Amino acid sequence: MADLITRNEYKNYLGITSSNKDQEIDLLIPKVSSLIKTYCRRSFIDNYDDPKVETFEGGFNTFILNETPVREVLYVERSIDFGQSYTLINQYVDWVLDGNALRSISYPIFKPYIRGYQVTYLGGYEEVPEDLKLAVMDLIEYYSKNNSAVHVNRDVTPNVTQIQYVATTNFPAHIKRVLDQYVADYA
């Protein structure tokens, strides 16, 4: 599972020249990358060159692929024995790629078989989009500044600062706006 940014990208973004925080940065980058991949329900760059295999049930006219944008469908296979063995089915005879979805053309729907269809394809980005990198770096900075806790400093008086823990599970608004654009919608 590839990280969405590198330590050098993060340090350049913040103008950090020392190596004092390298250990903390190296700890946060994979965790934040994994968090964002989970939240968005896709890996972004992991399947650009490494094929992704997805299994579908059938009974629908469309299969929506997870890793978008879809670069290339390598093959689509059908199983009538619950996924024990698969037989290749043909593009433009049985199915066609329509954007990020496979559509059945040989039958009104892909026939309903349990574990009946397997799609092997390449998808995602060659490089992480710049706006997504920015969200990753801002989220790392957010966790770094807050010592991996979600809280807000609030001035009570000029000489007293109170830490108030935030009772929300949301990302900060400016980060959430970017991530919501990349959330995979399988509906």
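Which side chain meets that of Lys145 in a salt bridge? The partner is Glu141, and the distance from N to O is 3.7 Å. A salt bridge is defined here as a side-chain nitrogen of Lys or Arg within 4 Å of a carboxyl oxygen of Asp or Glu.

## Basis of the report

This is a predicted model, in which local features need pLDDT of at least 70 and side-chain atom pairs count only at pLDDT 80 or more, while totals for chains, interfaces and linings use all residues. Residues are numbered from 1 along each chain as its sequence is written, and side-chain values use heavy atoms, with hydrogens and water left out.

Helices (H or I, at least four residues) and strands (E, at least two) are DSSP runs, numbered from the N terminus.

## The pair in helix H3

Lys145 and Glu141 both belong to helix H3 (residues 130-145). Because they are four residues apart in this helix, about one helical turn separates them.

Lys145 is exposed, at 63%, whereas Glu141 is buried, at 16%.

The structure holds eleven salt bridges. One of them joins the side chains of Asp26 and Arg7, at 2.8 Å from N to O. This pair links distant parts of the chain, since Asp26 lies in helix H2 and Arg7 in helix H1 (residues 7-14), 19 residues apart. Both residues are partly exposed: Asp26 has a relative accessibility of 36%, and Arg7 has a relative accessible area of 32%.

Another salt bridge is formed by the side chains of Asp22 and Lys11, at 2.9 Å from N to O. Here too distant parts of the chain are linked, with Asp22 in H2 and Lys11 in H1, eleven residues apart. Asp22 is buried, with a relative accessible area of 12%, and Lys11 is buried as well, at 10%. Arg7, Lys11, Asp22 and Asp26 are linked in a network of salt bridges.

## How H1 and H2 pack

Helix H2 spans residues 22-40 and includes Asp22. H1 and H2 pack at an angle of about 115°, and their axes are 10 Å apart. Axes are lines fitted to C-alpha atoms, for helices over the stretch in contact, and angles run from 0 to 180 degrees between N-to-C directions. The crossing of H1 past H2 is right-handed; a crossing is right-handed if the near helix is turned clockwise from the far one by less than a right angle, and left-handed if anticlockwise.

Where the two helices meet, H1 contributes Arg7, Tyr10 and Lys11, and H2 contributes Asp22, Ile25, Asp26 and Ile29. Contact means heavy atoms within 4.5 Å. When neighbours within four places in sequence are left aside, Asp22 is in contact with Arg7 and Lys11.

## The four-stranded sheet

Strands of a sheet pair through backbone hydrogen bonds, either parallel or antiparallel. In this report, two strands pair if DSSP finds at least two bridges between them. Four strands form an open sheet in the order S1-S7-S3-S4, with antiparallel pairing. Strand S1 (52-56) and strand S4 (87-89) stand at the edges with a single partner strand each, so one side of each has no neighbour in the sheet. On average, neighbouring strands of this sheet are turned by 35° against each other, direction ignored.

Strand S3 (residues 70-78) and strand S7 (residues 117-123) run antiparallel and are joined by seven bridges. S3 is also joined to S4, by three bridges and again in the antiparallel sense.

## The hairpin of S5 and S6

Strand S5 (residues 95-98) pairs with strand S6 (residues 101-104) over four bridges, in the antiparallel sense. Among the residues involved, Val96 has Arg103 in S6 as its bridge partner. The two strands form a hairpin with two residues between them, and Gly99 in the turn has a positive phi of about 70°.

Note on methods
Buried < 20%, exposed > 50% of the residue type's maximum accessible area, 1.4 Å probe, protein only.
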